[in-house]
Amino acid sequence: MIGKIIGFPPAAKQVPVQVDLVPVPEGERWTRDFGGRIFSSFQSLGTGKNEHLVVEQFGVVSVALALVVEGDHLYIVPRRWSCLGIPLPGIFLPSGSSFETERAGKFCFDVEIRAPLIGLIVRYNGVLVPVEVTKPSGGSAD
């Protein structure tokens, strides 16, 4: 139910995923397409209490994330959260084992979000394959 409210796609075994990152002056817009089900978030550098953290905003909820390197993994660790800018109790902060790594020259990810008292909200993993972006042709510059 929580995953549906946040906008996560329904559970499935194999779903094609496309991730688009669009840099903007304030951060990056991440748009994930899970087989036609769009899920978007905004990531920016934290300020104030969240300095040295990455803040990811999902609608009205923001989560401050620490990036922790251990061996060949980059773990994404939730540190605090808020709703509409109002801090939420840390005891209810979602957690999970989420990380990025490189295997055989490929970018691999594993995302897991669990909530206290509720359990697993979402889990997905896979390998990102870069897509070459080409500019439309049609004319020449002199």
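**View 1. Salt bridges of the predicted model.** The structure contains three salt bridges. Each is described in a separate view below.

**View 2. Salt bridge between E56 and R32.** The side chains of E56 and R32 form a salt bridge with an N to O distance of 3.0 Å. E56 belongs to strand β4 (residues 54-58) and R32 to strand β2 (residues 27-34), so this pair ties together parts that lie 24 residues apart in sequence. Both E56 and R32 are buried.

**View 3. Salt bridge between D110 and R123.** In the salt bridge of D110 with R123, the closest N and O atoms are 2.9 Å apart. Strand β9 (residues 106-115) contains D110 and strand β10 (residues 119-128) contains R123; the pair therefore ties together parts that are 13 residues apart in sequence. D110 has a relative accessibility of 11% and counts as buried, because the limit for burial is under 20% relative accessible area. R123, with a relative accessible area of 47%, is partly exposed.

**View 4. Salt bridge between E112 and R114.** A salt bridge joins the side chains of E112 and R114, with an N to O distance of 3.6 Å. This pair qualifies because the criterion places the side-chain nitrogen within 4 Å of a carboxyl oxygen. E112 has a relative accessible area of 14% and is buried, whereas R114 is partly exposed at 36% relative accessibility.

Conventions. Residues are numbered from 1 along each chain as its sequence is written. This is a predicted model: local features need pLDDT of at least 70, side-chain atom pairs count only at pLDDT 80 or more; totals for chains, interfaces and linings use all residues. Side-chain values use heavy atoms; hydrogens and water are left out. Helices (H or I, at least four residues) and strands (E, at least two) are DSSP runs, numbered from the N terminus. Buried means under 20% relative accessible area, exposed over 50%, partly exposed in between (1.4 Å probe, protein chains only).
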